[in-house]
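Visitor: I am new to this structure, and I would like to learn how to read some of its features. Could you take me through them slowly?

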Amino acid sequence: MRPRKILIANRGEIAVRVARTCRELGIPTVAVYSSADRAARHVAACDEAVSIGPPPARRSYLYMPAIIEAALRTGADAIHPGYGFLSEDADFARICAAHGITFIGPRPEVMDLVGDKARVRALMADAGLPVLPGSDGAVPSPADAEKIGAEIGYPVIVKAAAGGGGRGIAVARDAGELREVYRATTALAQQVFGDGSVYVERFVPAARHVEVQLLGDASGSVIHLGERDCSLQRRNQKLVEEAPSPLLPDDLRRRLGAYAVAGARHVGYTGAGTMEFLVDADGNATFMEINARIQVEHPVTELLTGVDLVAEQIRAASGERLSLTQEQVTLTGAAIECRVNAEDPATGFRPTPGLLTVFRPPGGPGVRVDSGFAQGDRVPPDYDSLVAKLVVWAPTRAQAIARADRALAEFAVEGPGVATTVPLLRALLAQPEFAAGTHTTAFVTDYLSRTPAPTG
């Protein structure tokens, strides 16, 4: 049964985006907001709004009692968590169920399985997916990490088992570095995720980061909606995403889709999620992780397929079948997403919160802008610096690149002390390596090492 009312346990552009689909489905919505977001766009986008605490996320958007109370008080019988915050918290999903509230996401036991990034490696290997050489589960000590490094060879990468969002990841290029990298990563993982467990696997330098969009329902149906390329990133933080992935051979493209579906079926996955892979210079693909939520970059797939991923999440959580089969999935053209952040690339990507005295998004054919801000709003210092996602579609990749550059040139974001990543994004799109589709995860770091970062 479809929810009667959905509380959106998030903020910013993703809360606005979820509210829009709910309105099209005829489902009333409830916004929650911290005192820093009292006048935010997502509050106005919903039918009701409830204050849940002061600006720090741990006392508002991460504070489960306040969110559950808001749902019960307003009669919301379902919660959409968006991405980040509580979206991959299995305990929160269990608490929702205990209060008779539908959590719009995978089942808690599935979230437990895929959320342990050390354990899920073994599960995916059992499902027939290629997995990088590395540890079997969490690594309990630096000495154990060194043994694994000696067995699989350097460089190695140390990752937080409970990590996400590109945090809790560090590379060790030899045994001398590994001990310190292990200590630093476990400390960061404990601080950020409340779990200091880490695992070790072989590091693949200069790889392609390719993820496959998944959808599953309670009947056991699992489909994929093609792949996205997320290789243009800095310090594991994505800057530009596109679909389809350029220069990916068709046979590998098909294999990645089959791997993703097989892995999702193996764990009983329902709802929207992504299976992430690394593709090395020789075209070898290896499993990296599963994200049990909707992704920031999901609009790329929506523009390519015409499928509303949030609507499919709601259907799956309601016990309904997906609205399409694998045979009905059609991918047309090319799409690119650029993340416009309030950051200054010239000062190490320092966040630049502040009042937006000018906020003029672009328009025109094939242009979509998802944002939680408007002119006169203030970007608060308390949360991530994402101001907007600019997403474009065109019949060919070359046309999509040209359209993205044109739209970025039109995008005016100004305010006292506010800088954005727009000039950097335009510079990256203009690089010959990006035009040729030969860039890898090392590209942005290499580019910034030889070129002053543009700012504006």
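Predicted model: local features only at pLDDT ≥ 70, side-chain atom pairs only at ≥ 80, totals over all residues.

Visitor: How many bridges join strand 14 to strand 21?

Guide: Eight bridges join strand 14 to strand 21 (residues 386-394), and these strands run antiparallel. One place to look is Ile336, whose bridge partner in strand 21 is Val392.

Visitor: How should I read the side chains along a strand, and are those of strand 14 buried or exposed?

Guide: The general idea is that in a regular strand the side chains alternate between the two faces of the sheet. In strand 14, Ala334, Ile336, Cys338 and Val340 point one way, while Ala335, Glu337, Arg339 and Asn341 point the other way, and all are buried. Strand 14 (residues 334-341) is accordingly described as mostly covered, with eight of its eight residues buried.

Visitor: Why is strand 2 said to be largely enclosed by the rest of the structure?

Guide: Strand 2 (residues 29-34) has six of its six residues buried, so it is largely enclosed by the rest of the structure. Both of its faces are covered, with Thr29, Ala31 and Tyr33 buried on one side and Val30, Val32 and Ser34 buried on the other.

Visitor: Which strands pair with strand 2?

Guide: Strand 1 (residues 6-8) pairs with strand 2 in the parallel sense over three bridges, and Leu7 stands opposite Val30 in strand 2. Between these two strands the chain crosses from strand 1 through helix 1 (residues 12-25) to strand 2, and this β-α-β crossover is right-handed. Strand 2 is also joined to strand 3 (residues 48-53) by five bridges, and these run parallel, with Tyr33 standing opposite Ser51 in strand 3.

Visitor: What describes two packed helices?

Guide: Two packed helices are described by the angle between their axes and the distance between the axes. Here, the axes of helix 4 (residues 90-98) and helix 5 (residues 108-115) come within 8 Å and cross at roughly 175°, which means that helix 4 is roughly antiparallel to helix 5.

Visitor: Which residues of helix 4 and helix 5 meet?

Guide: From helix 4, Ala90, Ala93 and Arg94 meet Pro108, Glu109, Met111 and Asp112 of helix 5. The residues of this contact divide into four nonpolar, no polar and three charged.

Notes: Residues numbered from 1 in each chain as written. Heavy atoms only, no water. Axes fitted to C-alpha atoms, helices over the stretch in contact; angles between N-to-C directions. Helix = DSSP H or I, 4+ residues; strand = E, 2+ residues; numbered from the N terminus. Parallel < 35°, antiparallel > 145°, perpendicular 65-115°, else oblique. Contact = heavy atoms within 4.5 Å. Nonpolar A, V, L, I, M, F, W, Y, C, P; charged D, E, K, R; others polar. Buried < 20%, exposed > 50% of the residue type's maximum accessible area, 1.4 Å probe, protein only. Pairing = 2+ DSSP bridges. Right-handed = clockwise from strand over helix to strand, strands pointing away.
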